[in-house]
Amino acid sequence: MISVAGRSFRLSGEPIDPPELKRLLVQKDAGGFVSFEGWVRGNNEGREVESLEYEGYRELAEKEGGTIIAEALRNFAIIGAECTHRVGHLRIGDLAVWVGVTAEHRQDSFAACQFIIDQVKLRVPIWKKEHYIDGNSGWIGIGNVSDRPVSETAEGGR
Amino acid sequence: MSSEISVKVEYFAVLREQRGLSSETRLTGCENPRDLYHELAREHGFRLPLRDLKVAVNGEFGQFSQTLSDGDTVVFIPPVAGG
């Protein structure tokens, strides 16, 4: 699997550190840098969200994410591209995903950054479970299949 | 007459919760992932229809119709929701 610093996709169980990722992209020919940060927001489709759980199938997620990075490097005139996606239990405002792209010129770095986040959302095996303030929870994208009362499983004592 | 093979099934997200396990190794007479999913769905009440799933075999995206071999690892992939 390709995992070159400045050209890789990772899943992280630890908080994402944007300055560290940005350092991987520093390169003398880079004239522009574009990043995207996806944050956990406090509502989804009218329901108030208390926290989120992201789960990933690491082996295939890092492979498919690496393929997306490679496609971006092939299809856009960019120099480097990095993406890291969090897994685990996240709270409102936490950083869920970070994408950074460098290029000689800005147009391609904007376009490649958007391409990467769009493809990651479509293709990489990562799942999101929302915990709502009303005590319910559910996996996103599968209708009501997993909706259930969480009174038995809710974390107490907070 | 087909014989049984041993496959490892790994579960994620809603399927992991519905199965109550992250992985299991089982003997099956199923020849492909489609039949295996239907067998598991009957046993464990999975409600996600096959059309909403993808499948991975041995760490690569695969086909529901591909022939499974003894020792394969199979993952049924619910609709993804990263980002």
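Me: In what order do the elements of chain A run from the N terminus on?

Reply: First, a caution: this is a predicted model. Now read along the chain and write α for a helix and β for a strand. For chain A that gives β-α-β-β-β-α-β-β-β-α-β-β-β from the N terminus on. The tally is three helices and ten strands.

Me: How many residues of chain A count as buried, as a percentage?

Reply: Chain A has 158 residues, and 34% of them count as buried. Contacts tell another part of the story. Take those in chain A between residues at least 6 apart in sequence: 75% join residues at least 24 apart.

Me: Which residues touch the most other members of the largest nonpolar core?

Reply: Start with the general idea. In soluble globular proteins, nonpolar side chains tend to be buried together. Here the largest nonpolar core holds 50 residues. Those touching the most other members are A:Ala72, A:Val99, A:Val101, A:Ala112 and A:Ile116.

Me: What is A:Ala72 in contact with, leaving aside its neighbours within four places in sequence?

Reply: Its partners are A:Ile78, A:Ala81, A:Ala112, A:Phe115 and A:Ile116. Two of these names, A:Ala112 and A:Ile116, are also in the list for the core.

Me: Now chain B. What is the strand order in its open sheet?

Reply: The five strands have the order S2-S1-S5-S3-S4, with mixed pairing. S2 and strand S4 (60–61) of chain B are the edge strands, as each pairs on one side only. S3(B) and S4(B) pair in the antiparallel sense over two bridges. In that pair, B:Val57 stands opposite B:Glu60 in S4(B).

Me: How many other C-beta atoms lie within 10 Å of B:Glu24?

Reply: Count 13, so B:Glu24 is partly exposed. B:Glu24 is found in strand S2 of chain B. Its C-alpha atom is separated by 8.6 Å from that of B:Tyr11, which is 13 residues away along the chain.

Me: Next, a helix. What span does H2(B) reach from its first C-alpha to its last?

Reply: Compare the span with the expected one. H2 of chain B (residues 33–44) has twelve residues and reaches 16 Å, close to the 16 Å expected at 1.5 Å a residue. Just after H2(B), B:Gly45 takes a positive phi of about 70°.

Me: Which residues of H2(B) are buried? Why do they line one face of the helix?

Reply: The buried ones are B:Pro33, B:Leu36, B:Tyr37 and B:Leu40. Look down the axis of H2(B): these buried residues fall within an arc of 100°, so they line one face. They pack against strand S2 (23–28), strand S3 (54–57) and strand S5 (73–77) of chain B.

Me: How many residues of chain B are in contact with chain A?

Reply: On the chain B side there are 16, in contact with 21 residues of chain A. Helix H1 (13–19) and S5 of chain B each give two or more residues to this side. The largest share, three residues, comes from H1(B). By class, the side of chain B that touches chain A has eleven nonpolar, three polar and two charged residues.

Methods
Residues numbered from 1 in each chain as written. Chains lettered and ligands numbered in written order. Predicted model: local features only at pLDDT ≥ 70, side-chain atom pairs only at ≥ 80, totals over all residues. Helix = DSSP H or I, 4+ residues; strand = E, 2+ residues; numbered from the N terminus. Expected span 1.5 Å × (residues − 1). Buried ≥ 20, exposed ≤ 12 C-beta atoms within 10 Å, placed from the backbone. Arc of directions from axis to C-beta. Contact = placed C-beta atoms within 7 Å. Nonpolar A, V, L, I, M, F, W, Y, C, P; charged D, E, K, R; others polar. Core = buried A, V, L, I, M, F, W, Y, C linked by C-beta atoms within 7 Å. Pairing = 2+ DSSP bridges.
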